[in-house]
Amino acid sequence: MLGPLQSVRKRDAAQPAPVLPCGIESVAKLAAGGKLAEALKFFARERRWIDEQHLTVCRIAAPTFQEQARAEWMAAQFASLGWQVATDRAGNVVAQAPGAARSGPMVALTAHLDTVLAPRTSGEIRVEGKDKFCGPGVADNGAGLAALLALAKVLGPGSGIDVSRLVLVANVGEEGEGNLSGMRYLCQNSALSGRLHTVLVLDGPDTAHVTVLALACRRFEVMVNGPGGHSWSDHGAANAVHALARAITMFCDTRADEQSRQWPCSWNFGVVEGGTTVNAIPASARVKVDLRSESASDLEELVASLGQVVERALLMENERARLGRVTFRIREIGSRPGGRLAESSPLLGYVRAVDGELCIRSVLDCASTDANIPLSMGLQSVSIGAGGQGGGAHTPGEWYSPEGRDLGLRRILLLTALLLAEVNGGLE
Ligand SMILES: [Zn+2]
């Protein structure tokens with residue numbers, strides 16, 4: 001179950017305990033109810049089907065900006081399970097039950113389609129040993145997509161559960177430079193924007209973390225240009241790679257000295273490119289950097305510091321150069337807004353109550369996920385894992401084990417049922 005709120009940050013210790021909209025008793029009562037009780041047994045019984053869906057979806061490559069084939073497959077699966085499916089202008093797959101409510105609040109259950117690394121062949125997604133799934137994207141976000149399909153099956157027509165206010169979304173653009181484009185469109189521009197009561201984001205494996213704080217993140221590309229030239233005859237000309245390398249080192253050294261910060265920050269120079277060949281002075285170089293902080297003002301300071309450091313590093317290069325000059329340009333390539341779930345929000349109360357009922361121990365955390373968008377807009381949202389275990393996200397060694405997955409899926413189903421009961425007129 002959720003630890004005390006202090007687990008997010010010490011500063012929360014003085015905050016009042018959240019008002020629980022329902023107790024463990026009402027979750028137990030809900031879980032014991034006929035149709036839902038039957039649905040809760042589905043995940044263990046259909047484990048093999050869920051695993052097959054999981055492996056199949058992971059075998060369809062979907063790097064950010066190239067999610068279409070996987071989106072089409074997800075759309076076909078939703079349709080075969082009896083849902084009405086549409087693909088919106090962002091490329092998100094949106095599934096609603098036949099007869100879905102045309103007005104009023106909706107609960108969205110979402111999982112991102114895209115991955116950082118993609119399998120080059122379907123054989124790269126493999127099962128090792130008894131049931132260890134291996135390959136890019138098997139945990140992040142094969143786990144979330146498999147959960148979405150499991151929920152689509154258990155809540156499909158014939159389940160007898162009222163899902164007229166539920167929308168299932170497999171969205172694009174969460175990873176890399178996607179800049180949360182799918183979630184942004186869903187919450188701000190889609191036909192459902194303005195009707196979203198809660199956005200429950202399913203991302204990655206396990207049940208250990210509940211992301212309630214949206215980590216603000218800004219991303220930049222720094223481009224340096226210079227005169228170029230021959231490595232010997234033009235030696236001493238301003239060098240774009242030397243200047244950029246100095247800027248990166250100076251920035252990291254300066255920030256590493258700042259250990260006394262109240263709010264944690266992070267910086268990552270993730271992509272460096274420049275030059276054409278070994279015996280030519282590079283005429284251009286560029287780097288992409290990701291800056292994050294739990295504090296909006298600290299993030300602004302980091303951004304300002306990036307500009308100052310680059311300017312200083314280039315000044316040094318130009319002062320030393322016997323020939324030519326380097327210049328720079330900084331372009332913003334992504335911005336993820338911050339936000340936080342109110343401690344008194346019903347959603348947090350539901351998570352606590354469900355985790356209590358299922359004996360799940362989880363901690364509140366801060367991360368940059370699709371939930372950044374709804375949280376920044378003041379909507380109820382959390383990002384949670386979809387059960388099972390996994391690791392190595394964003395690396396070639398990514399793995400996922402479905403062992404214990406049904407606990408995560410039962411948790412998602414109970415949360416969904418509580419949220420639907422609320423939008424349908426309140427809990428008993
Ligand atoms: Zn993810």
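A: Begin with a definition: a residue is buried if 20 or more other C-beta atoms lie within 10 Å of its own, exposed if 12 or fewer, and partly exposed in between. Keep in mind that this is a predicted model.

Q: Which residues of H6 are buried?
A: The buried residues in H6 are Ser-181, Gly-182, Met-183, Arg-184, Tyr-185, Leu-186 and Cys-187. Helix H6 covers residues 181-188, and because seven of its eight residues are buried, H6 is largely enclosed by the rest of the structure.

Q: How is a pair of packed helices described?
A: Two numbers are used, the angle between the helix axes and the distance between those axes. Take helix H7 (residues 240-256) and helix H8 (residues 296-320): their angle is about 135 degrees and their axes are 8 Å apart. H7 is therefore oblique to H8. The crossing of H7 past H8 is right-handed.

Q: Which residues of H7 and H8 meet?
A: On the H7 side they are His-242, Ala-243, Arg-246, Ala-247, Met-250, Phe-251 and Thr-254. On the H8 side they are Ser-305, Leu-306, Val-309, Val-310, Arg-312, Ala-313, Leu-314, Met-316 and Glu-317. Sorted by class, the contact of H7 with H8 has ten nonpolar, three polar and three charged residues.

Q: At what angle do H9 and H11 pack?
A: Helix H9 (residues 346-358) packs on helix H11 (residues 405-423) at about 140 degrees, and the axes are 10 Å apart. An angle over 145 would count as roughly antiparallel, so H9 and H11 are oblique to each other. H9 passes H11 in a right-handed crossing.

Q: Which residues make the contact of H9 with H11?
A: H9 contributes Pro-346, Tyr-350, Val-351, Val-354 and Leu-358. They meet Leu-407, Arg-410, Arg-411, Leu-414, Leu-415, Leu-418, Leu-419 and Glu-422 of H11. This contact of H9 with H11 holds ten nonpolar residues, no polar ones and three charged ones.

Q: How do strands of a sheet pair?
A: They pair through backbone hydrogen bonds, and the pairing is either parallel or antiparallel.

Q: How many bridges pair S4 and S5?
A: Three bridges pair S4 with strand S5 (residues 132-134), in the antiparallel sense. In one of these pairings, Arg-126 has Cys-134 in S5 as its bridge partner.

Q: Which residues have a positive phi without being glycine?
A: Two cases are Phe-65, with phi near 80 degrees, and Asn-179, with phi of about 55 degrees. Phe-65 is in the loop between helix H3 (47-58) and helix H4 (68-80). Asn-179 is in the loop between S6 and H6.

Q: Why does Phe-65 count as partly exposed?
A: Phe-65 counts as partly exposed because it has 15 C-beta neighbours inside 10 Å. Asn-179 is partly exposed too, with 18 other C-beta atoms within 10 Å.

Q: Where is the cis peptide bond between Asp-140 and its partner?
A: It joins Asp-140 and Asn-141, with omega at about 20 degrees. Asn-141 lies in the loop between S5 and helix H5 (142-154).

How values were computed: Residues numbered from 1 in each chain as written. Predicted model: local features only at pLDDT ≥ 70, side-chain atom pairs only at ≥ 80, totals over all residues. Axes fitted to C-alpha atoms, helices over the stretch in contact; angles between N-to-C directions. Helix = DSSP H or I, 4+ residues; strand = E, 2+ residues; numbered from the N terminus. Parallel < 35°, antiparallel > 145°, perpendicular 65-115°, else oblique. Left-handed = near helix turned anticlockwise from the far one by under 90°. Contact = placed C-beta atoms within 7 Å. Nonpolar A, V, L, I, M, F, W, Y, C, P; charged D, E, K, R; others polar. Pairing = 2+ DSSP bridges.
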